[in-house]
Amino acid sequence: MFRSLQSTPPLSFFNRLRPAVACVLFCLAGLSATPASAFCGFYVAKADSDLYNRASKVVIVRDGDRTVLTMSNDYEGDPEEFAMVIPVPTLIGRDQIHVGDRAVIDHLDAYTAPRLVEYHDDDPCQSRRRYFADTVMEMGAAPQSAARQLRAESLGVSIEASYTVGEYDIVLLSAQESQGLETWLREEGYRLPDGAAPVLGSYLKQGMRFFVAKVNLDAQARLGYTDLRPLQIAFESPKFMLPVRLGTVNADGPQELFVWILTRTGRVEASNYRTVRLPSNVEIPEIVEKDFGAFYRQLFAHQAEKEKRRAVFLEYAWDMAWCDPCAADPLTPDELRRLGVFWLDEPGPGRRFVPQQPAQDVFVTRLHMSYTASSFPEDLVFQETKDRSNFQGRYILRRPFSGDAGRCSEGRQYLEEVAERQEQEAQRLANLTGRPLKEIRREMALGEKPEPKPWWQRLWRDS
């Protein structure tokens, strides 16, 4: 979604990078001179965003016009070469910028991840019942030279503020036109990809500013961090959107984006793209357990291709107060505050804050998309709904009874049902992932099934 570049980039350098900050992020070269128990089944596995090598992660906390944006930097490379440019809708002060904790994002990811669960069939010669169980479930101003300021002004670029926050040097820019902004960024050591200027210009026409961040190596060494921590910004704007177009300018393939949105009202969806629920609550073959991650990647890729990469997929929507099942515990109030959920301590009718209890007023939506510049020509625009119905990506294994089922007539009937069920699971897996049905049958050791004859041959078979 966002791309990091060097001034003179060797190809091997690009191969070392994993660009993964929000697709709001356009990473340029930073080369300046310097619990419920109602669920029936065992939780088996989850498919979190770590399955994707090039996935950007953004957490948005939204209430009214107030927004807190957390951007996780999954960057591999020399920190000196890291920087990013983020279009933002308003001027942001130093106290509106914070450095967050990646572990909280990882917890949110695990909590909302699509999951694999299993049922076990009981002895069909005894009562036909299943066993149900839930086992799862530092801020200082950065110096700024007068010559740098004058040069920016001559190009129509205004350096509205500059800060050091944690291990990041941050500059807030506005500009009169894209050519001057592009020139200033290049002179500051940033290498813009071809085609960036028109996109920069479109943001300028919307009156947006640019949040530019790069690593302060001295501050990073002093703080003792080796990984880049997430950046957080808090602001007020009626715009509920995520700029994604800059991240596709120099992309060499589809971009993967995960967005978690935390609100007080309910599920969030895209207003300018289709929001599609992924297939869920379906029974799939036992062979999937060997590599649930591979299955889920295939499923998502196939569904994205069916939608021509023009859809936003819903993977999870749930009240944060509970989960069913829980692949991870719900986030604590402290973790939610660290993500920017600012209303937990606010007074309200009948509200009583209990620190040890899960949040009662936070609804989380997890969206996932795979897109290109042509399939997502517009930035993502979101809308809140009042729909608080629950949804999760959930896939089910049904384990056949492993004992001697043939010792009774009910058991022999059960074995026939299992054979039919496994054939249906094979067909379902083929439809979900696009894998060849013959290949799946062979892996399941089902054997080949004869192709059904045309209906007219069955009609006149005695003539």
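**Reading Ser-370 and the cores**

Reader: Which residues is Ser-370 in contact with, leaving aside its neighbours within four places in sequence?

Author: Contact means heavy atoms within 4.5 Å. Ser-370 touches Pro-254, Gln-255, Glu-256, Phe-300, Ala-304 and Arg-309 in this way. The model is predicted, with local features needing pLDDT of at least 70 and side-chain atom pairs 80 or more, while totals for chains, interfaces and linings use all residues. Residues are numbered from 1 along each chain as its sequence is written, and side-chain values use heavy atoms, without hydrogens and water.

Reader: What joins the side chains of Ser-370 and Arg-309?

Author: A polar contact is a pair of N or O atoms within 3.5 Å; within protein, one must be able to donate a hydrogen and the other to accept it, and residues adjacent in sequence count only if both atoms are side-chain atoms. Here the polar contact spans 2.4 Å.

Reader: Is Ser-370 buried or exposed?

Author: Buried is under 20% relative accessible area, exposed over 50%, partly exposed in between (1.4 Å probe, protein chains only). Ser-370 has 4%, so it is buried. Ala-321 has 12%, so it is buried too.

Reader: How many residues has the largest nonpolar core?

Author: Nonpolar side chains tend to be buried together in soluble globular proteins. A core is a set of buried Ala, Val, Leu, Ile, Met, Phe, Trp, Tyr and Cys residues joined through side-chain atoms within 4.5 Å. The largest here has 44, and Phe-211 and Leu-231 are among those with the most contacts inside it. Strand 18 (residues 363-371) gives the most to this core, four residues. Strands are DSSP runs (E, at least two), numbered from the N terminus, as are helices (H or I, at least four residues). Another core, of 26 residues, lies apart and includes Trp-318 and Trp-343.
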